[in-house]
Amino acid sequence: MKNLKLLIVLALTLPIIPLQANAQKKVMLKYNVKQGEIYDSHQVTNQDIDMEAQGQTISMNQIITTDITTKIAKVTSDEINTTNTVTKMTMKQTMFGQELNYDSSDPSTFASGRGKQIGDALNKLINKPYGIIMDHLGNISAYDLSALLKDNKKLSGNIKSGNNYVIFPGHKVKVGDSWEADIKPMKTDKMNIHIKYTLKKLSGKKATISINGTITAIKIAGQTMNLTGTQSGEVVVNTKTGWLLSSHMSQDIKMKVEQNGTEIPMTISSTITSTTEKK
């Protein structure tokens with residue numbers, strides 16, 4: 001009977017040991033990719049936008065999907081060069097009870113009217129490569145937007161103001177550890193993004209990281225504005241490569257945009273989800 005009690009105690013106690021060991025496990029997170037690798041990402045952005053213009057409040061919802069192919073063009077001990085191409089975009093926009101559908105792969109959706117106006121702008125992004133250079137922790141040092149700048153400076157500015165890469169801390173971390181980083185804007189932008197990361201979970205080759213950040217800006221891509229905002233959510237990365245597997249983010253922004261000497265107040269609430277697969 002004593003031996004049976006001992007076995008029961010061991011059976012109850014032993015499973016706890018690997019859980020405790022896993023909780024204290026430390027990992028070194030960084031981008032460890034190889035030249036020639038290709039990653040396909042799919043992003044869905046759902047936005048509710050309210051703006052005031054000429055004493056009238058305008059409400060709009062738009063759902064934008066973006067497919068991007070990223071090729072690892074070059075890898076050195078210090079840097080990773082990527083070539084990125086937007087292969088497809090769609091937009092479903094609802095305003096004043098009217099719906100507009102744009103699909104870069106369907107010319108009939110941008111043949112006339114408002115669809116043509118949107119198509120004239122967004123089609124300039126499709127299949128135009130842009131380069132990003134970053135270090136192995138995710139700090140971006142340079143962009144090559146020449147192919148995009150040739151046609152549309154404002155739209156390409158949206159790309160350089162965003163960042164889909166987690167910035168890793170440069171040392172080993174365990175579950176519960178946090179670190180902070182500032183995303184550096186381009187020289188032409190007057191913008192600051194400060195983010196706090198927390199490692200929430202380690203499971204197999206996946207790391208779940210929570211994100212909480214603040215955004216401020218007075219100029220993006222040459223557009224003067226007064227912008228403040230917050231973003232929060234979670235990303236899942238591959239612990240071996242550092243590459244994003246999936247993310248779910250919420251973003252709330254208040255801004256005033258100057259147009260023809262008039263300030264237009266806007267609020268934008270967004271939900272952004274992304275998934276990435278290696279080809």
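How accessible is Lys-92: buried, exposed or partly exposed? Select Lys-92 and you are on a partly exposed residue, at 37% relative accessibility. Here buried means under 20% relative accessible area, exposed over 50%, and partly exposed in between, with a 1.4 Å probe and protein chains only.

Before moving on, some ground rules. This is a predicted model, where local features need pLDDT of at least 70 and side-chain atom pairs count only at pLDDT 80 or more, while totals for chains, interfaces and linings use all residues. Residues are numbered from 1 along each chain as its sequence is written, and side-chain values use heavy atoms, with hydrogens and water left out.

**Stop 1: salt bridges**

The term covers a side-chain nitrogen of Lys or Arg within 4 Å of a carboxyl oxygen of Asp or Glu. Side chains of opposite charge can pair when their charged atoms come close. The whole structure has four salt bridges.

Next, pick Glu-37 and Lys-278, whose side chains meet in a salt bridge at 3.1 Å, N to O. Glu-37 sits in the loop between strand S1 (26-27) and S2, and Lys-278 in strand S14, so this pair ties together parts that are 241 residues apart in sequence. Strands (E, at least two residues) and helices (H or I, at least four) are DSSP runs, numbered from the N terminus. Glu-37 itself is buried, at 13% relative accessible area.

Now try Asp-177 with Lys-174: another salt bridge, its closest N and O atoms 3.3 Å apart. Asp-177 is buried at 19%, whereas Lys-174 is partly exposed at 23%.

**Stop 2: strand S2 and its partners**

Select residues 38-53, which make up strand S2, then 56-75 for strand S3. They pair in the antiparallel sense over 16 bridges; two strands count as paired if DSSP finds at least two bridges between them. S2 and S3 form a hairpin with two residues between them, and Gln-54 in the turn has a positive phi of about 55°.

Which other strand pairs with S2? Colour residues 262-278: this is S14, antiparallel to S2 over 13 bridges.

**Stop 3: aromatic rings**

Show the rings of Phe, Tyr and Trp. There are seven aromatic pairs in the structure. Rings (for Trp, the six-membered one) pair if their centres lie within 6.5 Å; planes under 30 degrees apart count as stacked, over 60 as edge-to-face and the rest as tilted.

Begin with Tyr-102 and Phe-110: their centres are 5.9 Å apart and their planes at 50°, so this pair is tilted. Tyr-102 is buried at 2% relative accessible area, and Phe-110 is buried at 18%.

Then go to Trp-179 and Tyr-197, with centres 5.6 Å apart and planes at 20°, so the pair is stacked. Trp-179 belongs to strand S9 (residues 178-183) and Tyr-197 to strand S10 (residues 190-203), so the pair ties together parts 18 residues apart in sequence. Trp-179 is buried at 7%, as is Tyr-197 at 1%.

One more selection: Tyr-31, Tyr-39, Tyr-165, Phe-168 and Trp-243 form one aromatic cluster.

**Stop 4: the core around Tyr-197**

Stay on Tyr-197. Along with Ile-209, Tyr-197 has the most contacts inside the largest nonpolar core, which has 65 residues. Such a core is a set of buried Ala, Val, Leu, Ile, Met, Phe, Trp, Tyr and Cys residues joined through side-chain atoms within 4.5 Å. Leaving aside neighbours within four places in sequence, the contacts of Tyr-197 include Tyr-165, Asp-177, Trp-179 and Ile-209. Contact means heavy atoms within 4.5 Å.

**Stop 5**

Where does Ser-104 sit? Look in the loop between strand S5 (98-103) and helix H3 (113-122). Ser-104 is buried at 16%. Not counting residues up to four places away in sequence, Ser-104 touches Lys-88, Met-89, Phe-110, Asn-123 and Ile-126.

Phe-96, in the loop between strand S4 (80-95) and S5, has a positive phi near 55° without being a glycine. Phe-96 is exposed at 57%.

Finish on Asn-127, in the loop between H3 and strand S6 (130-134). Its phi is positive too, near 60°, and Asn-127 is exposed at 51%.
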